[in-house]
Amino acid sequence: MQIPEPPRVALGRIVSDLGSTLVEVVAGVADPDVGVCGVLIHDPLDEPSRLPGAIVLGVGVYGPEPVAALVEHAHGLGAAAVMVRSPVAADGPVVKAAADTGLVVLGLTSGASWAQVAALLRSLIATDAAGADPAPGPATPLGGDLFALANAIAGLLDGPVTIEDRGGAVLAFSARQDEADDSRIATILDRQVPAEKLRALEKQGAFRALYRSDDPIYIAGIGEKPRVAIAIRAGGEILGSIWVVVPGPLNDDRAQAFREAAGVAALHLLRQRSGADADRRLRADLLATVLEGGAQAMRAAARLGLTAQRACVLAVAVDAETADDTTDPGRAAAGDRIAGSLALHLSAVHPHTAVASLGSVTYAVLPCGADDDARRVAAAFLARLGVKVPTFIGIGRLADRPTDLRRSRSDADRALRVLRSRAARACDTAEAPPAESVSAESVPAQRIACLSDVYVASLLDELADRMAAEDDRPDGPVVRLRAYDREHGAQFTETLAAWLDTFGDVAAAAARVHVHPNTFRYRLRRLSEVAGIDLADAEARFEAMVQLRLRVPEAD
């Protein structure tokens, strides 16, 4: 089967969009036609996956010789470019390595976040891929994507532009940001309007005026240079705003052009919204196809970018019993947040992961080489997530091929079920500490499991399912003890469980149920008579232990 090519964006497009503000070419020649398909973060202690066409981010790589060595190493990985932190000595070994390999070396400006530039690069690649070969017609907004639109507006109004959402997050920006002021540069670097600037604009009444008017609003006194802004509307909904650094108020012609540009931006944002929803549905359908197996699994895996590398399935679910908001909308919202957080977390771990929510469970396919790798990733995710939304992760076995991921998903589901049922029982018996007393460091050990960790418990769950489905009511000594306890208010079942759990140590068992050892011995004799069980018989003890752990509805 021919695996489709991953989405690519031209290197010239990246240099053009990020240049003068975030990156500069420090060595080599940036071939504008070279295709970039992803981002690799260099780790000297961990050989990265080969991703031809990637930009390699040299986090923590400084000095001519280390940068030159990284360029040569990136060339061996099939990379398209290397990015390191500026300033970079653009001479000697760096220039030679760039000339020998044909790779361009980009310098990231001081103060810019590696995480932000990685997210921005991935966004550019995804945006360009989504807009590749668009069908002609009115559904395709004018002016290409949002970055192209921002550049077009900058040309119309002769000033650097940002397009922002209602929260001040930067969705796109134009070139020429070096002509703006320090406040705008900080906004671009953080991809977010600074909080103090948002507060100043709110106090000044700028947002109130902006959202109540269809016309451009002139705003001075916030940065070193004034701005003109306009709301982006779709009917009665405010989708965001466009901000331009200008020397003064706009004339009538430019104000009209700005209003028309805001209408085009609204089409872009609506298209992005519908496209994002459609993309989520498509990825969920593709991932469901992969996890179900069958003839279409390989094709779906290829479309998700899952290749023949080893991978496993993570099954993630929110603990509905102990979450802060136990309403249906609250659980759904928590699940959505978990899915988004997991996708973001895994994208930083490996460039080829797939995440989608199927029902109440979020599934992720994680390329990895060993079970311990998956466990570390899951533990890191839960540690960052904290304990406010109690979450469980079941880990499936490693799959050598996409067609084996169905088995891995089954393992993950089984492990997840055991974790959730144990938590529910602990909650019922008040054994679990309150969520706020559990540290983030202790959560992963309590809420992560491979199937091998809980295999016997999973078998018992499946046995209970079969018995319930076939109305196969259990019978025997444990059933008789439970019936006797209900009728007489006795505690023989608890006594038997304590004795079996402590390997017949009467003193330890008596302490567990808070009675004197002599009283415990008396209860043992009585429960043996009531249940008709020979506690000296190993088979009878094993049968009792199994039935004590089965949770099957008994006959009334």
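Analyst: P477, R480, L481 and Y484 of helix α16 are in contact with R526, L527, V530 and A531 of helix α19. The model is a predicted one, and the description that follows should be read accordingly. Helix α16 spans residues 477-488 and helix α19 spans residues 517-531; their axes come within 9 Å and cross at roughly 110 degrees. Because angles of 65 to 115 degrees count as roughly perpendicular, α16 is described as roughly perpendicular to α19.

A nonpolar surface patch is found in another helix region. Y455, V456 and L459 together make this patch, which covers about 280 Å². L459 belongs to helix α15, residues 455-469. With a relative accessible area of 37%, L459 is partly exposed.

The charged pairs come next.

The salt bridge between the side chains of R376 and D373 has an N to O distance of 2.4 Å. R376 counts as exposed at 54% relative accessibility, whereas D373 is partly exposed at 26%.

The salt bridge between R259 and D215 has its closest N and O atoms 3.0 Å apart. R259 lies in helix α9 (residues 252-292), while D215 lies in the loop between α8 (206-212) and β10 (217-219), so this pair ties together parts that are 44 residues apart in sequence. R259 counts as partly exposed at 29% relative accessibility, and D215 likewise counts as partly exposed, at 38%.

Finally, D158, R176 and E179 are linked in a network of salt bridges.

To return to the part requested, the packing of α16 against α19 brings together residues that include L481 and Y484 on the α16 side and L527 and V530 on the α19 side, with the two helix axes crossing at roughly 110 degrees.

Technical notes:
Residues numbered from 1 in each chain as written. Predicted model: local features only at pLDDT ≥ 70, side-chain atom pairs only at ≥ 80, totals over all residues. Heavy atoms only, no water. Patch = residues over 30% accessible without salt bridge, like charges linked within 9 Å, V, L, I, M, F, W, Y side chains within 5 Å. Areas by Shrake-Rupley, 256 points an atom, 1.4 Å probe, with all protein chains shown as cover. Salt bridge = Lys/Arg side-chain N within 4 Å of Asp/Glu carboxyl O. Helix = DSSP H or I, 4+ residues; strand = E, 2+ residues; numbered from the N terminus. Buried < 20%, exposed > 50% of the residue type's maximum accessible area, 1.4 Å probe, protein only. Axes fitted to C-alpha atoms, helices over the stretch in contact; angles between N-to-C directions. Parallel < 35°, antiparallel > 145°, perpendicular 65-115°, else oblique. Contact = heavy atoms within 4.5 Å.
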